[in-house]
Amino acid sequence: MSRCHGVPVSPGLAVGPVRLLSAPAREPSASIPPLPEPQRARDAQRIPAAAAEVAQDLHERASRAEGPAGGILTASAVMATDPVLLGDAQERVRRCGTAAERAIWEAAAQIADELIALGGPMAERAADVRDIAHRIIAVLRGEPMPGLPTADEPYVLVARDLAPADTAELDPTQVLALVTAEGGPLSHTAILARRLRLPAVVAAPGVLDLPEGTRVHVDGSTGTISTEITAAQEQRAALALRERPSAPSYPGGGVQFVDGTRVLLHANIGSLAEAREALAAGADGVGLLRTEFLFLDREHAPDIAEQTACYREILELFPGRPVVVRTLDAGADKPLPFLSGPAEPNPALGVRGWRTTAAHPEVLTDQLDAIAAAASASSAQVHVIAPMITTADEAAQFTAQCRARGLVSTGIMVETPAAALQAEQLLACCDLASIGTNDLTQYTTAADRQLGALAALVDPWQTAVLRLIQATCAGGAATRIPIGVCGEAAADPLLAPVLIGLGADSLSMTPSALGPVAHALGRLSRAQMRDLAARALSAPDAAQARAVARQALP
């Protein structure tokens, strides 16, 4: 193989030798005779002991990690001792005489299949479950656990996919670029690469055939991996590597375009720790506060007092600045015990977000009461938006509930083609709207955003998606309602100018993207960005839209 193509998810150039992620534990044989009865109890007890060793290893690594990596490793450690996984595996040993290694493999496979069937964000956890199973099996066999390679020189990391425990410990001074055979634009790999400013390509078939040590050129803007490297490519990659540590920072206060107009850049956050990170990165405010962190892994929803205290801690970090709070985005594709309903054949198209209100109105009303209480005790500019609003009647119902609690600035997430095409009608009773490009893209292209095989479709550069963003912004202009973009698309320095050109009034992104996006926007005028948007809209597909915009940029 001299060249292969994948989905570009983080821009940049790199040249270096390939190092393969250490292989996961091989599948235990299914043809081993059942264990004799006296041995089954002993073998069953080996499973929680091995899981505890895995959890301890992950906890120790979490204690040494910095930033969000600690939380990712801690979550993986908790998953390693999940009673459902371990209980199922032990029962297979006791009841059927299955060897411990095979039992944990089968139990994890069943859970992974169930998660994949749920689709959406839950499908992403399937890889996490498999990773934990591989680690437990390695301990049971007395083998080293899977992990990142060690090398004497910086390298290009190539893997089938990366688990959270792997991505959390990546050293950007050692890893030049990331390339995976699977995964999608919203995978752990993609999000981490953008955070660390590493060039990255996912869903690249054939990369696993590259021999260890092969020197490759990786272009994270075009999704190209090549073994034929020119002197010019070597020079550009070396320059990019030297400039990477000094990537532009964002001082805050809005980005001034060359024509003198400005735009505010906000941060997407999902915890108090991320709120502090956003503040340190210069964010002008919070464009998306994901409130799910308060609800996940709980049997019952947190009460009003607990929610109020958590919201106040975050709001107090942003006095006088906007904070957009999204109500709970959970349901069929993100199941929670207190929101569970009948099984659905297609959860991503089921009862989720605002739609859970019909059966569980108290979850929303308690949350709105807590947000209102926290807002009244804060000087932050609090805005509240609801996910998965699809009709004007739903928007009116949500607005009325917010207004009744004194929440004066309310709006909706635009995540479906229906909402985008009827934006003017939906926004008639709103004060703001935010476009969630992740869901809007998957619903527009009918492609699960977590499915690597469809990664090329799950691309916000798809012309149909850009047209729906334009339609939403036109609805905002007609109603004089500001439109923000809070999906991963806003973190792309190449796409950000296009979004402004389509009519977006603000952008919200992962804090590490603020500097690069501000740098890109500050080199252009609004007229140039409108021209970029027009060029992208005229392209026949995502790849050409991206290429046209890249060629037109200064």
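The points that follow are grouped by topic.

This is a predicted model, in which local features need pLDDT of at least 70 and side-chain atom pairs count only at pLDDT 80 or more, while totals for chains, interfaces and linings use all residues. Residues are numbered from 1 along each chain as its sequence is written, and side-chain values use heavy atoms, with hydrogens and water left out.

- An open sheet of mixed pairing is formed by 8 strands in the order 1-8-7-3-4-5-6-2 (two strands pair if DSSP finds at least two bridges between them).
- Strand 1 (3–5) and strand 2 (7–10) are the edge strands, each pairing on one side only.
- Strand 3 (residues 13–20) and strand 4 (residues 155–159) run parallel and are joined by 3 bridges.
- Leu 20 stands opposite Val 158 in strand 4.

**Helix packing**
- Helix 16 (residues 463–479) packs with helix 17 (residues 495–502) at an angle of about 40°, and their axes are 9 Å apart.
- Helix 16 is therefore oblique to helix 17 (under 35 degrees counts as roughly parallel, over 145 as roughly antiparallel, 65 to 115 as roughly perpendicular and the rest as oblique).
- Helix 16 makes the contact (heavy atoms within 4.5 Å) through Leu 466, Ile 469, Gln 470 and Cys 473, and helix 17 through Leu 495, Leu 499 and Leu 502.

**Aromatic pair**
- Trp 354 and Phe 398 form an edge-to-face aromatic pair, with 6.1 Å centre to centre and 85° between the planes (ring centres within 6.5 Å, the six-membered ring being used for Trp; planes over 60 degrees apart for edge-to-face).
- Trp 354 and Phe 398 are both buried (under 20% relative accessible area, with a 1.4 Å probe and protein chains only).

Conventions
Axes fitted to C-alpha atoms, helices over the stretch in contact; angles between N-to-C directions. Helix = DSSP H or I, 4+ residues; strand = E, 2+ residues; numbered from the N terminus. Phe/Tyr/Trp six-rings, centres within 6.5 Å; stacked < 30°, edge-to-face > 60°. Buried < 20%, exposed > 50% of the residue type's maximum accessible area, 1.4 Å probe, protein only.
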